[in-house]
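Hi everyone, thanks for coming.

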Amino acid sequence: MSNARKYRPATELVHGGTLRSGFGETSEAIFLTQGFVYETAEAAEARFKGEEPGFIYSRYANPTVDMFERRMCALEGAEEARAMSSGMAAVAAALLCSVKAGDHVVAAKALFGSCRYIIETLMPRYGVEATLIDGAKIENWADAVRPNTKVMFLESPTNPTLEIVDIAAVAEVANSVGAKLIVDNVFATPMFQKPLELGAHVVVYSATKHIDGQGRCLGGIVLSDKQWIDEHLHDYFRHTGPSLSPFNAWTLLKGLETLSLRVKQATYSAGRIADFLASHPKIERVIYPGREDHPQADIIKRQMTGGSTLICCDVKGGKKAAYGLENGLKIVRMSNNLGDAKSLITHPATTTHKSLTDEARAELGIDDGTLRISVGLEDTDDLLEDIAEALAKA
Ligand SMILES: *Cc1c(COP(=O)(O)O)cnc(C)c1O
């Protein structure tokens, strides 16, 4: 079966990749099985040789997980994918299967903390050096290239300050030196940004975020062309075992059915909240990819088809004022997660980015008054009132 996209995204999100069993079930079945039985010894031999299609062992592939991979391929316009147990399993796999000792990686330094650990701390232990750059300045990518550069890695928009990296421009640099560009597309969501169409070679997601979208389970996925998956990821994946549980794959499949509606609604509310915050006297600065005053609005117009479900803002008065706002909220809950049905707020300097030095935080534009809001699915006016009341008290 081809993984090519046939219909518009909302349709693929409901039907893409469905594999029906002999019972003709409407909703996707959960195949909670480790293994599969063969009718004959010859059939087992043929399946192991790859001469006959079929499943062998759920560490390699499983029908429910397969449906999730195919649906994601259809949405993303990718030929192949491997679903994993978490976003970090996906990022680690995409990076580690691409390099060997002696290779070099260039990455934007505004990265999700664990991605930064893999690149900055883990890979050097195995002889893979990395250069971390300010990825928004496009000339930095070419300047960091060495003869042994094999991979470039970035997130856009970045966490938490929603800075944009020009994906097409970085892909051009990567292509010119024979390196592969891997994009962590979590913040943009598959609805608003298609890195493969912009020239990236590999896309990774934490499906824990908008894809589940209801705060239930962890998951991740790596998508690319068939050749890259076959040559780099296939064996790594089979033998290191980051496989996704079939139950979680099913939960994520159900999440995909409503992804388009959820992201649209959360983005609508986020846009309204960003405008409200931008006009509020207690707010110093608002960074929102859907606003004309985003410093990189021109790149956003080129590479994204929507704003964001996330907002970054600086409250006047530093940490005390930021805490005052957080503690005054009744609907928006404090949590470091994002992409949930529930609106969530976090203070990066003391939570997700607390392990960075003051200088590193300042470089990323995070100060003591910075807050990140992940907008959920509550009524827009209730959210606006909750934030307005908390700000009035702060
Ligand atoms: C959450 C997240 C990850 C890690 O995903 P997990 O599912 O928590 O392992 C990686 N990158 C980004 C940008 C994320 O937001």
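Let me begin with one term: two strands pair if DSSP finds at least two bridges between them. Please also keep in mind that this is a predicted model.

With that term in hand, let's go to the sheet. Strands β8 and β9 run antiparallel and are joined by four bridges. If you want a spot to look at, find Ile 287, which stands opposite Cys 312 in β9. On to the next pair: β9 also pairs with β12, in the antiparallel sense, over five bridges. Here Asp 314 stands opposite Thr 370 in β12. Then β12, residues 370-374, is joined to β11, residues 344-346, by three bridges, and these two strands run antiparallel as well. In that pair, Thr 346 has Arg 372 of β12 as its bridge partner.

Five of them form an open sheet, in the order β8-β9-β12-β11-β10, and the pairing is mixed. Which strands stand at the edges? They are β8 (283-287) and β10 (333-334); each has a single partner strand, so one side of each is left without a neighbour in the sheet. As a reminder, strands of a sheet pair through backbone hydrogen bonds, either parallel or antiparallel.

Next, some backbone details. Please move to the loop between β4 (149-155) and α7 (167-176), where Pro 157 has its place. The peptide bond from Ser 156 to Pro 157 is cis, with omega near -10 degrees. Pro 160 is found in the loop between β4 and α7 too, and a cis peptide bond joins Asn 159 to this proline, with omega about 0 degrees. Leu 162 also lies in that loop. Its phi is near 55 degrees, a positive value in a residue other than glycine. Is Leu 162 buried or exposed? Leu 162 counts as buried because its relative accessibility is 0%.

There is another positive phi to show you. Thr 189, a residue other than glycine, has phi near 70 degrees. Thr 189 is found in helix α8, residues 189-192, and at 2% relative accessibility this threonine counts as buried.

Buried means under 20% relative accessible area and exposed means over 50%, so Glu 385, at 46%, counts as partly exposed.

The other patch I picked is nonpolar: Ile 30, Leu 32 and Phe 247 form it on the surface, with about 290 Å² of accessible area together. Phe 247 is found in helix α10, residues 246-257, and counts as partly exposed at 40% relative accessibility.

Conventions:
Residues are numbered from 1 along each chain as its sequence is written. This is a predicted model: local features need pLDDT of at least 70, side-chain atom pairs count only at pLDDT 80 or more; totals for chains, interfaces and linings use all residues. Side-chain values use heavy atoms; hydrogens and water are left out. Buried means under 20% relative accessible area, exposed over 50%, partly exposed in between (1.4 Å probe, protein chains only). Patches are made of residues with over 30% relative accessible area and no salt bridge: like charges are joined within 9 Å, nonpolar side chains (Val, Leu, Ile, Met, Phe, Trp, Tyr) within 5 Å. Accessible areas come from the Shrake-Rupley method with a 1.4 Å probe; for residues, only the protein chains shown count as cover. A salt bridge is a side-chain nitrogen of Lys or Arg within 4 Å of a carboxyl oxygen of Asp or Glu.
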